[in-house]
Each structure stands twice: as C-alpha cells, then as structure tokens.
Amino acid sequence: ASAQDCAKSCSENDKCLSYEYSPTSKICNRNDLADPTGKNNYLDYLFCSNKAASKAAAEAKAAAIAKCGACGDCDYELTTGDIGGWGARRAGGSTRNVASAQDCA
C-alpha cells in the first residue's frame, strides 16, 4: 500500500475521516476521527486528516459552544455546585485531561 492507496481507501469509506500510513511497513490504519488524540506520531506513521472533516469538526465545536454556552451541549445547562468524590456517583466515572466541557457531555 502507498499513501495514495490509503487516501483512496479512506475517501471511499464514509466513516473514515483520517488515516495513518507507515512508509516502512506499508500499513494503513483508517480512523473515524479527523484529528489526532495524541501529540506524537507512532513510529514512522504519517497522520493524514481529511481537511474538510477537520475544519467541519472545529466549526461544529465552536458553533456548539457559541450556541449552548460553557457546557458545549444544548442538553446541559450550567449550574453552580459540586458532587463530592470525583466521580464517586459514577455514570461512567471520571475522565481527566479532557479538552473542554463539551467532551464530558
């Protein structure tokens, strides 16, 4: 496989928003996320993101925050308060190091 083969394969799959390609091993990994979740590439893999999907995701996130406020999701409203125990009242537990409140929704 080549990088061009990976791009073609990703373009033909509606759920594929990015791919990672290793020129050494000739492996192509298709992703359903447009943007990387980590800061560093894995080995020699090249991260190739669909420009339109990445831009659309960023615009949608900005629009949701502008429309729905700090919670970033119109199904939630900002309220003053706390539940002690850092996720002790688990509905999936706690997730640390999220980028925004919208990522918690």
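Which residues make up the largest nonpolar core of the chain? In this predicted model, where local features need pLDDT of at least 70 and side-chain atom pairs count only at pLDDT 80 or more, totals for chains, interfaces and linings use all residues. Residues are numbered from 1 along each chain as its sequence is written, and side-chain values use heavy atoms, with hydrogens and water left out.

The core consists of five residues, Cys 6, Cys 10, Cys 16, Tyr 19 and Tyr 21; a nonpolar core is a set of buried Ala, Val, Leu, Ile, Met, Phe, Trp, Tyr and Cys residues joined through side-chain atoms within 4.5 Å. At least two residues of this core come from each of α1 (3-11) and β1 (18-22). The chain runs α-β-β-β-α from the N terminus on, with helices (H or I, at least four residues) and strands (E, at least two) taken as DSSP runs.

Tyr 21 also touches Lys 26, Asp 44 and Tyr 45, among others, when residues up to four places away in sequence are not counted; contact means heavy atoms within 4.5 Å.

Searching the whole structure gives one aromatic pair, in which Tyr 42 and Tyr 45 are tilted, with 5.8 Å centre to centre and 40 degrees between the planes. Rings of Phe, Tyr and Trp (its six-membered ring) pair if their centres lie within 6.5 Å, and planes under 30 degrees apart count as stacked, over 60 as edge-to-face and the rest as tilted. The table gives the accessibility of both partners, where buried means under 20% relative accessible area, exposed over 50% and partly exposed in between (1.4 Å probe, protein chains only).

| Residue | Relative accessibility and class |
|---|---|
| Tyr 42 | 54% relative accessibility, exposed |
| Tyr 45 | 10% relative accessibility, buried |
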